[in-house]
Amino acid sequence: MKEMKENIKITVGQIGSFDLGTEIYDSKNGLSYKNPKEMWRKIRKALEVAKQDGADFLVLPEVSVPRKYLDTHIPEICNEHNLMIIGGVEFYHKYTRNGKKFIQNEAFIAVPGAEKNSGAKERAMVWRIPKLYPASVEENFIKEEGYHFSPSNKLYLFKSEEYGNWAVLICVDYLNLPIHQILQKKVQTLFIVAFNQDLNYYYSISDSLHRILYCNIIVCNVADYGGSHVYTPLRESYLREVMKLHGNKIETAVTVKLPLKIIKEIQNSPREKNFEGYAKKPSDYEYIR
C-alpha cells in the first residue's frame, strides 16, 4: 500500500495554435487540426520539461492534443516517464443524427499502467471526459462550420492513495456552481484545461475557489491568450498565487511543487485546529457531507 505523497510536482504546458496560419481546423474532418504534427512538436517540448523536472503530472490546454497521438504516443510516454498526462483533445465529429453532425470536445487523463511481476508495465490507462457545456463563442464557431455541440452529463472523480483525489474540468465547466458544490471536500487537486479569453474572470474564480474547495487549483490555458495559473490555500497572498503566466502568444512549460498530504489532513481536521502557514477552511466546511 502506497502512502500519500507530501507534495506533487505539476508541469503546466501552455501551448497554442496562434502560429498555425489562418486555416487551423479542417471543417471537412470534424474540425480536427490541419497540421497535427506541429501541435505534437509543441507538446513534445512541454514533455521534455516535465521529464527534466521529474513531474508527477503534465497539464496541457483545451483542444490541444491531436487524437492520433493520444492513441499511439501518449500511453507509451506516460509509462516511460511514470508521468500522468492531462489535456484537451482536438475537436472531432462524434456522430450524425437526423442529418446533423455533432462535435465532441473532450479532456483526457492518462495514467501509467500497473507494474507486472516481470517488471514491465501494463499499457497506460487513458480516460476521455466530454465537456459538459460549450462556451458561447465555441458554440457559434462550431455552428458556423456546420456542426452542433454534443454535451455531456457526467463529472469524473479520480482517487489515488499516492496522489490523493482530483478532478478535471474543461474551460467553461469550471464556472458551474453545482459542480463546485459537488467537489467541495472531495478533492485535493483540481485541474482545468482551458481555451479562455476572459483571463481576469478565471483569476478571480481560482482565487476564491481554492479557499472554498480548500484544494490546489491548476488552470492551463492556451498560449494564444496566456493566463495559466496555480493557486494553493496558503495563508499569505503572495504564496497562495503559486504561478501566473502573463502575456499572450507565449509558449512555455513551468513546473510547480504543491502541498498534498497536509491539504488532506486539514480537510479532515476540526476547523479550530491551526496549521502554520495555511489558511482557515470556510466556516461551512465542517457541515459538508
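Author: The discussion below takes up the cavities, then the cysteines, and lastly one serine of this predicted model.

Reader: How many cavities of 30 Å³ or more does the count give?

Author: The general idea is that rolling a probe the size of a water molecule over the atoms shows where empty space is left. In this model the count comes to two cavities of 30 Å³ or more.

Reader: Which residues line the largest cavity, and how do they divide into nonpolar, polar and charged?

Author: The lining includes Tyr214, Arg235, Ile266, Pro270, Phe275 and Lys281. By class, the lining residues of this largest cavity comprise six nonpolar, one polar and five charged.

Reader: What is the corresponding division for the second largest cavity?

Author: There the lining has eight nonpolar residues, no polar ones and three charged ones. Among the residues that line this second largest cavity are Ile129, Pro130, Lys154, Tyr156, Ile170 and Asp173. Strand S7 (125–130) and strand S10 (164–170) are the elements that give two or more residues to this lining. S10 gives the most, with three residues.

Reader: How many disulfides does the structure hold?

Author: A disulfide requires two cysteine sulfur atoms within 2.5 Å. The structure holds zero disulfides. For Cys171, the nearest cysteine sulfur is that of Cys220, 11 Å away. Cys171 has a relative accessible area of 4% and is therefore classed as buried.

Reader: Let us turn to Ser160. Where is Ser160 found, and why does Ser160 count as partly exposed?

Author: Ser160 is found in strand S9, which covers residues 157–160. Ser160 counts as partly exposed because its relative accessibility is 24%, and this class lies between the 20% and 50% limits.

Reader: With which residues is Ser160 in contact, leaving aside its neighbours within four places in sequence?

Author: With those neighbours set aside, Ser160 is in contact with Asn165 and Trp166. Ile85 is 75 residues from Ser160 along the chain, and the C-alpha atoms of the two are separated by 15 Å.

Technical notes:
Residues numbered from 1 in each chain as written. Predicted model: local features only at pLDDT ≥ 70, side-chain atom pairs only at ≥ 80, totals over all residues. Heavy atoms only, no water. 1 Å grid on protein atoms, 1.4 Å probe; cavity = no way out; pocket = protein on both sides within 12 Å on 5 of 7 lines; lining within 4 Å. Points joined across faces, edges and corners; volume = space filled by probe spheres on them. Nonpolar A, V, L, I, M, F, W, Y, C, P; charged D, E, K, R; others polar. Helix = DSSP H or I, 4+ residues; strand = E, 2+ residues; numbered from the N terminus. Buried < 20%, exposed > 50% of the residue type's maximum accessible area, 1.4 Å probe, protein only. Contact = heavy atoms within 4.5 Å.
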